[in-house]
Amino acid sequence: MNAIPATPLLDIRDLRKSFTSRRGWPIARTSVVKALDGVSFTVGAGEVVGVVGESGCGKSTVARVALRLQEADGGSVNFDGADVLEASKIDMRAIRRRMQMVFQDPSSSLDGRQRIVDALGEPLRVHGLASGAAVRPMVARLLDEVGLPNSALDRYPHEFSGGQRQRIGIARALALGPDLIFADEPVSALDVSVQAQILKLLETLRAERHLAFVFISHDLGVVRYFCRRVVVMYLGRVVETGPVPEIFVDPRHPYTRLLKVSSPEPDPTRAVAMTFQEGEPPSPVDPPKGCHFHPRCPLAIDRCRVESPVLRDVAPGRSVACHLAT
Amino acid sequence: MTAAAPPAPQPRRRLSVLGKALRNVGLVLGAVIVVAMIAAALGAPWIAPYDPDAQDVLLVLGTPDSVHWFGTDAFGRDVLSRVLWGARVSLYVGFVATAAGVVIGTVIGVISGYYGGIVDRLVVAATDVLLSFPQLIMGLLLVAVLGASLTNLIIAIAVTAVPAFIRMARGSTLAMRERDFVDACRSLGFSDFRIMFVHVLPNILDELVVMASLWLASAIRTESTLAFIGLSVPPPTATWGGIVREGFDNLLDGPWLALFPSLAILAVMIGLNMIGDGLRDASDPRAPQ
């Protein structure tokens, strides 16, 4: 159905990132959080891949590390043939033009002291795409593309509503003409009615500009609408990947099933198939041995407590990291 | 695509700060006092009725009257003229030293807070050591080592201001780093220099201006104190602290000698503190109108 091109646009392999913190007095203890524990997935040109999981599972860290906002501890990120993690400062500037990010909270991601024309014009000027009088019409075109009128040019971010601000954030990500956009929970700070508008906008942009997206979200409903393939993460690991309709109809990993039953169903009469242990996800500081999910899993067997399952193919385009999945 | 209409234009933030500032009586009053003092200092060569260093042996310790409004000192010099000329030195030292302290401290603080790491830790440690000295002791020490001259005085006072502004700018920069816009700038490929001084600095400027106005008062006070103990510009050049000191020697015979320069110092202190408080209130979005 969604054939993945031979060479993917973005190829993330075995990405690792730990955060250490030293706390305690008088003897400080070092605790290590493995935010990314060998994460791999690919994104084809023009493809929309959703990354879902609970908060703290490392889904935002994927984007931050791939964009070099934070340095990875290991693994590789390959973007259209270029090794992102090893790229020099100069190469990185070229890569950044093609790989952009939309942030969750648009009021925090825009500089409140900059008018919109300056905020969107600055990347154009810095990258030498426009200068002087040419900046303003280019910014106006960007605003038009995200559905904002020209009168927005000379306003400040605080004069806009949340949804309008997110449109500005999207326009800024588009300014350099990227091929891939990391969207980190781009609609979760917005009202539901506004969410739909922004999603529609992203969908239009995807079609018109042939954009690829890594769409990070905890909201399965949104992912189901917008994404064609999904990567499910749990405590720094990928537990299941596959095409959206199949994963939603027939989730193979118990965690994916948990996510599915915890998100509101269109059909409330449908029976919930499994019962799950209550409670918060275990602390990422000291994750359970073996399969990270076993303390919450109703199907767990002894093997799950000692041996950590690897991601393996179970059907064309689908992989699951579970000993019991078929 | 749905075109979202922007809301009706609202007054911009900067204007509203200015608007709030103008409605703040204390701020306006403080500004009037300080501006009047600066004007008097700048205009001293034209306003001062006499040469501040001209001695009149026939009129030693003259009481204030219509000819010498503030009286004359032990050398028969006109006190009003000396206070006006003294304002030039005192305010000049205060402004230049504070400006130097703000610029140096802010640059170091922003860089230190932005990059973090080992350099940041060293800067914080050095700042803590410098801040543990009382401002006056520090100034005293530096002037004693460097020697009393206008330049050394400015250096000494600036050095006491630098660590305070490092700490302030660093703290505000750390807070700004938590905001997504710094990451947004980095993902757009902006240089660190651009992010620090085009994006972070304007966002922390409000707080720095408030603190600078309070530090200006403190710098002028330090200069006066150092002059009082004889560690400022050598006589006969008039400075406020120096005139107070000369007046102290004749406190019983001519109390006006010490009184008028003290009043000038007091007025500037009050004015600058009113400005500082007013600016802080005006730039605080949570403060009531």
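Student: In chain B, what percentage of the contacts with a separation of 6 or more is due to residues 24 or more positions apart?

Tutor: Such residues account for 72% of those contacts in chain B, where contact means heavy atoms within 4.5 Å. This is a predicted model, in which local features need pLDDT of at least 70, side-chain atom pairs count only at pLDDT 80 or more, and totals for chains, interfaces and linings use all residues. Residues are numbered from 1 along each chain as its sequence is written, chains are lettered from A and ligands numbered from 1 in the order in which they are written, and side-chain values use heavy atoms, with hydrogens and water left out.

Student: How many helices and strands does chain B have?

Tutor: Chain B has 11 helices and zero strands; helices are DSSP runs of H or I with at least four residues, strands are runs of E with at least two, and both are numbered from the N terminus. Along the sequence the pattern is accordingly α-α-α-α-α-α-α-α-α-α-α. Of the 289 residues in chain B, 46% are buried, that is, under 20% relative accessible area, while exposed means over 50% and partly exposed lies in between (1.4 Å probe, protein chains only).

Student: What makes H9(B) oblique to H10(B)?

Tutor: Helix H9 (residues 192-228) and helix H10 (residues 240-248) of chain B pack at an angle of about 40 degrees, with axes 7 Å apart. Because of that angle, H9(B) counts as oblique to H10(B): under 35 degrees is roughly parallel, over 145 roughly antiparallel, 65 to 115 roughly perpendicular, and the rest oblique. Axes here are lines fitted to C-alpha atoms, for helices over the stretch in contact, with angles from 0 to 180 degrees between N-to-C directions. H9(B) contributes B:Ser224, B:Ala227 and B:Phe228 to the contact, and H10(B) contributes B:Trp240, B:Gly241, B:Gly242, B:Val244, B:Arg245 and B:Phe248. By class, the residues of this contact are five nonpolar, three polar and one charged; Ala, Val, Leu, Ile, Met, Phe, Trp, Tyr, Cys and Pro count as nonpolar, Asp, Glu, Lys and Arg as charged, and the others, Gly among them, as polar.

Student: Why is H8(B) called roughly antiparallel to H9(B)?

Tutor: The axes of helix H8 (residues 180-187) of chain B and H9(B) cross at roughly 165 degrees and come within 11 Å. H8(B) is therefore roughly antiparallel to H9(B). The contact involves B:Phe181, B:Val182, B:Cys185 and B:Arg186 of H8(B), together with B:Ile195, B:His199, B:Val200 and B:Asn203 of H9(B). Five of these residues are nonpolar, two polar and one charged.

Student: What makes H6(A) roughly parallel to H7(A)?

Tutor: Helix H6 (residues 162-174) and helix H7 (residues 192-209) of chain A pack at about 20 degrees, their axes 10 Å apart. The angle makes H6(A) roughly parallel to H7(A). By class, their contact has seven nonpolar, three polar and two charged residues.

Student: How do you know that H1(A) is largely enclosed by the rest of the structure?

Tutor: Helix H1 (residues 59-66) of chain A has eight residues and seven of them are buried, so the helix is described in that way. One of the buried residues is A:Thr61, with a relative accessible area of 11%. Not counting residues up to four places away in sequence, A:Thr61 touches A:Lys17, A:Phe19, A:Ala35, A:Leu36 and A:Gln70.

Student: Why does A:Asp37 count as buried?

Tutor: A:Asp37 has a relative accessibility of 13% and therefore counts as buried. This residue lies in strand E2 (residues 29-43) of chain A. Its side chain forms a polar contact of 3.2 Å with that of A:Arg237; the term denotes a pair of N or O atoms within 3.5 Å, where within protein one must be able to donate a hydrogen and the other to accept it, and residues adjacent in sequence count only if both atoms are side-chain atoms.

Student: Why is A:His210 called exposed?

Tutor: The relative accessibility of A:His210 is 52%, so this residue counts as exposed. A:His210 is in the loop between H7 and strand E8 (212-217) of chain A, and its phi is positive, near 50 degrees, in a residue other than glycine.

Student: What makes A:Asp14 partly exposed?

Tutor: A:Asp14 has a relative accessible area of 37%, and is therefore partly exposed. A:Asp14 belongs to strand E1 (residues 10-23) of chain A. Although not a glycine, A:Asp14 has a positive phi of about 50 degrees.
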